[in-house]
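Student: I'm new to this one and a bit lost. Could you pick a single part, go through it closely and then show me what else there is to look at?

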Amino acid sequence: MFAGMPQYARVLVDDSGGNSFDYELPARPGSVPLVVGSRVRVPMRTRTALGTIIEIRDTTEAQGVKLISEVVSAEPLLNPRLIELGAWIADYYCCSLEAALRSILPQVIRKAGVTHKTQLYARLLTTPDQEALGALAKKAPIQAGILMYLKAAGQPVPVTELTEKCDATHQAVQALVKKGLIASESTRVERDPFQNETFLHAGRLELNAEQSQIFERVLRAIEQPPEQGAPKPLLLHGVTGSGKTEIYLQAIQAVLERGQSAIMLVPEIALTPQTVERFKSRFAATQQEVAVLHSHLSEGERHDEWHKIRDGRARIVIGARSAVFAPCRNLGLIVVDEEHENSYKQEETPRYHGRDVAVLRARMERCAILLGSATPSLESYHNAIHGKYEMLKLTGRVDDKKMPYIRIVDMRMEAAKKSSILSEKLITAIHARLAKKEQTILFLNRRGFSTSLICPACGYVCECPNCSVALTFHRAQNRIICHICGHTAVAPSKCPECRDPNIRYSGTGTEKVEDLVAKLFPKAVVKRMDADAMTRRDSYKEALGAFRTGKIDILVGTQMIAKGLHFPNVTLVGIINADMGLHLPDFRAGERTFQLLTQVAGRAGRGDVEGEVFVQSFTPFHPAIQFARHHDFEGFWEEEILHRRQFDYPPFTHLLLIAIRSPHQARAEFSAQTLARRLKEALPEGTTLNDPAPAPLEKSHGNYRFQLMLRTRNILRLTRALKDVLDKLTFPSDVIVTVDVDAYQLL
Ligand code: ADP
Ligand code: ZN
């Protein structure tokens with residue numbers, strides 16, 4: 001190319017609804033050249049906007065091309081592979097490239113306002129001798145104190161630390177600078193979310209025979225030369241406590257030793273201090289930096305962790321869903337722990353599934369990928385059975401610890417008795433633990449005190465004005481609250497309809513269980529853990545700490561306590577209502593219940609004493625409950641997969657859900673019908689389209705909701721056809737249409 005001939009960049013403009021435009025590249029002799037992934041500011045009609053270069057071109061068909069107005073970051077923030085991943089997400093999940101890149105490039109990095117944090121440090125220029133110090137101490141004792149502090153520290157010290165520890169003013173520090181004894185320099189520092197914590201070094205454990213075999217297979221995938229293509233994804237199926245995490249840790253260690261980096265995805269809810277500590281401690285021993293990405297980081301912390309990863313200073317990333325986009329260099333391994341967890345699915349655009357994106361990213365990077373779970377998703381297990389993934393199995397708990405003994409309590413028999421919340425058997429079992437100073441976990445996946453307020457006289461139920469659900473009574477606040485939209489009101493003391501004063505609370509939430517347990521066991525220390533009780537950033541950590549050190553006897557909680565926690569002294573787990581969620585209109589209801597029961601039961605008996613689990617149910621013979629009781633994943637799989645095949649549900653097909661919502665019921669319904677008609681003409685062969693129907697949750701946040709459900713074996717053909725139809729259709733302005741590919745949220 002001749003010097004002086006203009007070159008163009010195609011820029012994807014942020015917040016433009018996914019539009020990209022061509023701009024002329026500025027001449028930048030001597031500076032870092034602009035490339036795919038560079039961030040720039042470009043002129044739009046009357047303003048300027050930030051954007052990402054997605055292509056460099058020699059020509060453009062556009063008219064009146066303008067010049068890029070500012071270079072925000074020439075060094076690419078996104079490597080071409082992540083942009084390729086973004087394009088795949090846009091295609092597969094039927095969204096714009098811009099929406100996909102919005103997830104890939106965190107907000108705090110995109111907006112370019114947040115910078116590295118600097119701090120003023122003081123450093124000794126010459127080491128003062130005793131005599132000089134003595135002389136100075138007479139005239140200016142504080143200055144002498146500063147010098148002694150710096151000498152003792154043996155390294156630069158933040159000026160704020162000096163002023164605090166030496167009781168000094170900034171003037172005193174400045175005086176020493178003027179005398180040429182010290183220098184004060186601004187230094188880049190990292191905002192470290194764990195700066196106040198120290199992690200004890202913990203060495204690796206000797207793998208047992210079964211673990212070693214699996215580790216070898218993982219190692220083979222890690223070491224597979226890239227010329228041979230991407231290694232097959234590995235699915236590790238191992239019961240809770242079978243030593244999966246130990247394998248992850250050692251596999252990551254192997255990756256680091258090869259000079260590569262690794263991503264470990266965990267569900268947000270499992271990203272507990274306990275998990276992070278296990279990683280930090282292990283890699284502290286080898287001086288490796290672990291970057292942690294989750295939703296509770298401050299902007300500054302997120303910014304710094306991201307740069308730490310991109311610069312290659314942290315080669316281990318542990319994080320929730322979006323960490324799948326971590327800008328790692330030379331990726332050697334992605335681990336997805338609890339791969340069956342629904343929280344990997346993002347429930348807003350782009351509605352991607354973290355596990356599936358991880359599988360794709362691994363394929364693009366040609367690196368190893370290891371999915372692990374005690375209860376694999378039917379999708380992943382199906383892939384392993386059919387050889388798309390490689391199946392690895394850990395059959396027992398480490399050290400042959402027994403699986404907890406699960407008893408099913410038939411609550412139909414208990415209903416006749418006094419308490420319909422805690423069965424007599426469970427109460428007796430709790431007494432026994434209290435006597436032995438062992439701990440109990442009681443699980444109920446519903447917050448609040450009671451789930452509805454019903455008037456016995458006229459049958460009135462307090463419902464949310466915005467959603468088609470009953471309001472939950474929260475006794476501590478004396479309010480009724482909608483768990484969908486958050487609408488709240490003071491709890492009525494009489495029926496708002498007929499003024500009857502006997503309005504009643506029915507249904508049970510964690511608050512009521514806590515209340516009841518406190519009454520039944522007045523000497524026990526009871527703590528509740530749910531979203532209402534854990535509002536402060538640290539309350540979760542404090543509660544877990546107190547439970548771990550034995551200060552709490554009985555922990556009552558929601559799914560917050562179900563996942564990943566390891567408490568050796570918990571020997572009893574009570575599942576208050578196993579049926580909750582079992583009878584929802586969702587084809588995965590059984591699978592979810594099986595997974596949840598298995599996970600919760602897995603909290604018992606992690607120490608030396610065998611654990612016991614009581615599962616209370618009104619449908620005790622339901623397969624999801626019976627197979628969970630016998631720790632029989634394969635049995636459950638065989639039974640469940642038959643239904644899926646029979647009704648052509650995932651994993652045999654991809655399920656795509658189109659939601660149409662509007663504050664006006666008729667408009668939502670009409671739009672759904674119009675869309676369905678158009679789709680029928682355009683759909684590729686082999687696609688099933690159900691008639692439009694109101695969503696099970698008919699109204700939410702003041703919107704009426706309709707759904708179209710599609711199933712297909714070839715998802716890309718379907719999403720392309722769908723994109724076409726949607727591009728051509730216009731809906732009334734208050735109608736919103738969303739597309740959810742591989743939908744998990746069917747209500
Ligand atoms: P999982 O991830 O499958 O639930 P973990 O890796 O957390 O299992 O292991 C469960 C417990 O057993 C942990 O306390 C862990 O430290 C311990 N453990 C794991 N592997 C070994 C081993 N090879 N030898 C001794 N203890 C082990
Ligand atoms: Zn509501």
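Tutor: Let's start with the metal site and then move on to the sheets and the core. First, some housekeeping: this is a predicted model, where local features need pLDDT of at least 70, side-chain atom pairs count only at pLDDT 80 or more, and totals for chains, interfaces and linings use all residues. Residues are numbered from 1 along each chain as its sequence is written, chains are lettered from A and ligands numbered from 1 in the order in which they are written, and side-chain values use heavy atoms, leaving out hydrogens and water.

Which residues hold the zinc ion (ligand 2)? Its protein donors are the SG atoms of Cys464, Cys467, Cys482 and Cys485, 2.2 to 2.4 Å away; a donor is an N, O or S atom within 2.8 Å of the metal (3.2 Å for Na, K and Ca). The angles between the four donor atoms run from 106 to 112 degrees, so the arrangement is tetrahedral, a label that needs all angles between 85 and 135 degrees. Along the chain, the donor residues follow the spacing C-x2-C-x14-C-x2-C. Cys467 sits in the loop between strand E18 (452–454) and strand E19 (472–474), and Cys485 in the loop between strand E20 (479–481) and strand E21 (488–490), so this pair ties together parts that are 18 residues apart in sequence. Helices (H or I, at least four residues) and strands (E, at least two) are DSSP runs, numbered from the N terminus. Is Cys467 buried or exposed? Cys467 is buried, at 2% relative accessible area, while Cys485 is partly exposed at 22%. Buried means under 20%, exposed over 50%, partly exposed in between (1.4 Å probe, protein chains only).

Now the sheet with parallel pairing: six strands, open, in the order E16-E26-E25-E17-E24-E23. Strands pair if DSSP finds at least two bridges between them. E16 (405–410) and E23 (526–529) are the edge strands with a single partner each, so one side of each has no neighbour in the sheet. From one strand to the next, the twist averages 20 degrees. Inside, E17 (residues 439–443) and E25 (residues 570–575) run parallel and share five bridges, and Leu442 stands opposite Gly574 in E25.

Two helices lie across this sheet's strands. Helix H17 (residues 539–548) lies across E17, E23, E24 and E25, at about 145 degrees to E23. Those angles run from 0 to 180 degrees between the N-to-C directions of axes fitted to C-alpha atoms.

What about the core? The largest nonpolar core has 113 residues, and Ile334, Val357, Ile575, Val615, Leu656, Ile658 and Leu679 touch the most other members; such a core is a set of buried Ala, Val, Leu, Ile, Met, Phe, Trp, Tyr and Cys residues joined through side-chain atoms within 4.5 Å. Helix H1 gives the most to this core, with seven residues. A second, separate core of 34 residues includes Leu207, Tyr248, Met264 and Val290.

One more sheet to find: five strands, open, in the order E2-E1-E4-E3-E5, with antiparallel pairing. Helix H2 lies across E1 and E4, at about 80 degrees to E1. H2 (residues 97–104) is mostly covered, with six of its eight residues buried. Its buried residues pack against E1 (8–13), E4 (48–57) and H1 (80–92), contact meaning heavy atoms within 4.5 Å.

Notes: Tetrahedral: all angles 85-135°; square planar, octahedral: opposite > 155°, others 65-115°.
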